[in-house]
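The paragraphs below go through them step by step.

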Amino acid sequence: MELSNAERKIIENSIRDIKDFPKAGIVFKDITTLLNDKEAYGVLMNHLYQRYKEYNLDYIAGIDARGFIFGAALAQMLSIGFVPIRKHGKLPYTTISEKYTLEYGVDEVEVHIDAFSGVQNPRVLMIDDLIATGGTANAAASLINQAGAQCVEACFIIGLTFLDGIKNLKEKTDVYSLVEVN
Ligand code: AMP
């Protein structure tokens, strides 16, 4: 199910641009103004629910940290489990990890080795607020596969289409982004 133009506008208008954060030249897409706008947050979550209720998903994997907000809420709406993909050193049990380059730095993501072990051939939706270079999402999709699950689709509220992140990630999984920034 696709988003209507009216719904897309409501979501788009609720996202705030912060110039030169966290460093010069970056336009940071601030989703806190989407979260505290009950209409925009409601339109977004309702759309995600309508789209993904037909996908036969077993888990949502949310990327640290803003992917947790949307991912955990959607998992609860779909009555399925939620798995956090966290930055290095935060998860207490045995992990699988992957390094990646960010639009502004280098980092590493991890997932618990048994995170998807509750069902056979688990179908997973990966979610984050934004895809830029795609480094984070690519590393996270690899982790999902290494942990024995299938990443059915990667979902982002915002896609920066002037970078190659979406194009590169499409080699690994289907990609859905609601608001595209050129
Ligand atoms: P990337 O790995 O380059 O695709 O970067 C994606 C991750 O970094 C996501 O978790 C985003 O939350 C964050 N991020 C990167 N660029 C921006 C930006 N311009 N505005 C907001 N968040 C960003």
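R51 lies over the face of Y176, 3.5 Å from the ring centre. A charge is said to sit over a ring if NZ of Lys or CZ of Arg is within 6 Å of the ring centre and within 35 degrees of the ring normal. This is a predicted model, in which local features need pLDDT of at least 70 and side-chain atom pairs count only at pLDDT 80 or more, while totals for chains, interfaces and linings use all residues. Residues are numbered from 1 along each chain as its sequence is written, and side-chain values use heavy atoms, with hydrogens and water left out.

Five aromatic pairs turn up in a search of the whole structure. Rings of Phe, Tyr and Trp (its six-membered ring) pair if their centres lie within 6.5 Å; planes under 30 degrees apart count as stacked, over 60 as edge-to-face and the rest as tilted.

One of the pairs is Y41 with F70: the ring planes are at 75°, so the pair is edge-to-face, and the centres are 6.5 Å apart. Y41 is in helix α3 (residues 38-52) and F70 in helix α4 (residues 66-78), so that distant parts of the chain, 29 residues apart, are linked. Helices (H or I, at least four residues) and strands (E, at least two) are DSSP runs, numbered from the N terminus. F70 is buried, at 0% relative accessibility, whereas Y41 is partly exposed at 23%. Buried means under 20% relative accessible area, exposed over 50%, and partly exposed in between (1.4 Å probe, protein chains only).

F68 and F82 also form an edge-to-face pair, because their planes are at 85°, with centres 6.0 Å apart. This pair joins helix α4, which holds F68, to strand β4 (residues 81-87), which holds F82, 14 residues apart. F68 is buried at 19%, and F82 is partly exposed at 28%.
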